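Thank you all for coming; I would like to walk slowly through one structure this morning. Please keep the sequence and the picture in view while I talk.

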Amino acid sequence: QVDESKEVESIVPSYACQRRTTLENHNTVFTDALSLLAENAELSDEDGRGVAFRRAAAVLKALHSPVIDLLQLRGLPCLGGHSLRVIKDVLEHGASSEVECTKQSERFKALKVLTGIFGVGAKTAERWIREGIHSLPQLQDSAHTLNRAQQAGLEHYDDLNQPVTKAEGDAIGEIVEKAVMSVLPGAQITLIGGFRRGKLTGHDVDFLITHPEEGREVGLMPKVVSWLESKGFLLYQKTTRNSYLESKDGPARPSSNMDRFERCYSIFKLPEDAKEGTKQTETLTEDTPEDTCRLTTPSLVKDEGSESTKRANLKPWRAVRVDLVVSPISQFAFALLGWTGSKLFERELRRWAGHEKAMSLSSHALYDNTQSKYLRASSEEEIFAHLGLEYIPPSERNA
Ligand code: TTP
Ligand code: MN
Ligand code: MN
Ligand code: MN
């Protein structure tokens, strides 16, 4: 008995960073349910519960076949009583009553709508809900003054809540590349985040910028932003300067998940013809006019709204969230690993480093507390090796 359970456990190791998790998920019915409960917990300031549901979902994502019987789950890590109850409910009734209840609750619906505004976090949404604000019209009618990010978020609400496609990500990549090359020839741009993991859509597009000569990247972001702004590509941007060197706690003690790179959270104005340009180079201009229309105005097909809504969607561009990060080449491998995700994979890497290896991992560095020294790395492979982990490529970090 004991041997058998040990056997199963060794098949699915307990840290997500020890496992290969592709986008091929054989258990979406369960992982969707658990993810929704995770989301609800995170929106309710219950991060501990949130992580527990995320870990449970991640274990099911790593399985190679659909779960059809609870007995299959024997010996699997990270499945607590609550998660097992949800899985059992789905197995027996096709849905979890707790999930359905949450989905329909006014509170959850309001939290989703309000945090769907760029610049609005769970805390702000919670405060508004307590004041009786549950919808966008109610927010607009209220006396609340929104900050610049929230105003932009509200203004581009529909665009920003429509998934970004890989084609749109590539089109933005070309614009970013042009901007960076104009202000610092020789700089390098890498697609990070979900698209680097092979996702077909995302909520934003993430880029990491560096230069092979240490120090040349300093002050790069304001120049890139100016270039983009002068060409009319930015609807909103907030640049944060690098605070790594001046921070007093030092690189060994990353106090939170937030790193201190020079970065820019932005909303891009992506022209529809920029997207077509990318598409045409890929398909050698075989598009019929109908194809082009369907591709560039998906909202016309799906939207059942009023005529005025449809007309508003005929604008020749769309708003897309874009994150830019600049890293010195000496920290590039750590930045690359830290910004490729998934969020749970990152969290598990840091937990593994701390709990199993007495090391501190951040997007800047890896510190070995036993040897009291930093471990250098110029590739992700080297970082996995330092951590005593088998290398997991980006496409298998979809935990
Ligand atoms: P996200 O862009 O939030 O997530 P994603 O790209 O995996 O998913 P989506 O397709 O929906 O956009 O974050 C990407 C990675 O960047 C994630 O692993 C966490 C990391 N990150 C930081 O390290 N610091 C930060 O401040 C933020 C916002 C993200
Ligand atoms: Mn499989
Ligand atoms: Mn992303
Ligand atoms: Mn991002």
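Predicted model: local features only at pLDDT ≥ 70, side-chain atom pairs only at ≥ 80, totals over all residues.

**Metal ions, a ligand and a helix**

Let me begin with the manganese ion (ligand 3), which is coordinated by Asp 204 (OD) and Asp 206 (OD) at 2.0 to 2.1 Å; donors here are N, O and S atoms within 2.8 Å of the metal (3.2 Å for Na, K and Ca), and since water is not among the atoms, sites may look incomplete. Asp 204 also bridges this ion and the manganese ion (ligand 4), and the two ions lie 3.6 Å apart. Both Asp 204 and Asp 206 are buried, where buried means under 20% relative accessible area, exposed means over 50%, and partly exposed is in between (1.4 Å probe, protein chains only).

Residues are numbered from 1 along each chain as its sequence is written, chains are lettered from A and ligands numbered from 1 in the order in which they are written, and side-chain values use heavy atoms, with hydrogens and water left out.

Which residues come nearest to ligand 1? Of the 17 residues around ligand 1, they are Gly 194, His 203, Asp 204, Arg 263 and Lys 343, and a residue counts as near if one of its heavy atoms lies within 4 Å. By class, this shell divides into three nonpolar, six polar and eight charged residues; Ala, Val, Leu, Ile, Met, Phe, Trp, Tyr, Cys and Pro count as nonpolar, Asp, Glu, Lys and Arg as charged, and the others, Gly among them, as polar.

Turning to individual atoms, a backbone N or O atom of Gly 194 lies 2.8 Å from an oxygen atom of ligand 1, and a polar side-chain atom of Arg 197 lies 2.9 Å from an oxygen atom of that ligand.

Helix H18 (332–340) is among the elements that each supply at least two residues of the shell; helices (H or I, at least four residues) and strands (E, at least two) are DSSP runs, numbered from the N terminus. H18 is mostly covered, with eight of its nine residues buried, including Phe 332, Leu 336 and Trp 339. Just after H18, Gly 341 takes a positive phi of about 75°.

How values were computed: Polar contact = N/O pair within 3.5 Å; in protein donor to acceptor, adjacent residues only side chain to side chain.
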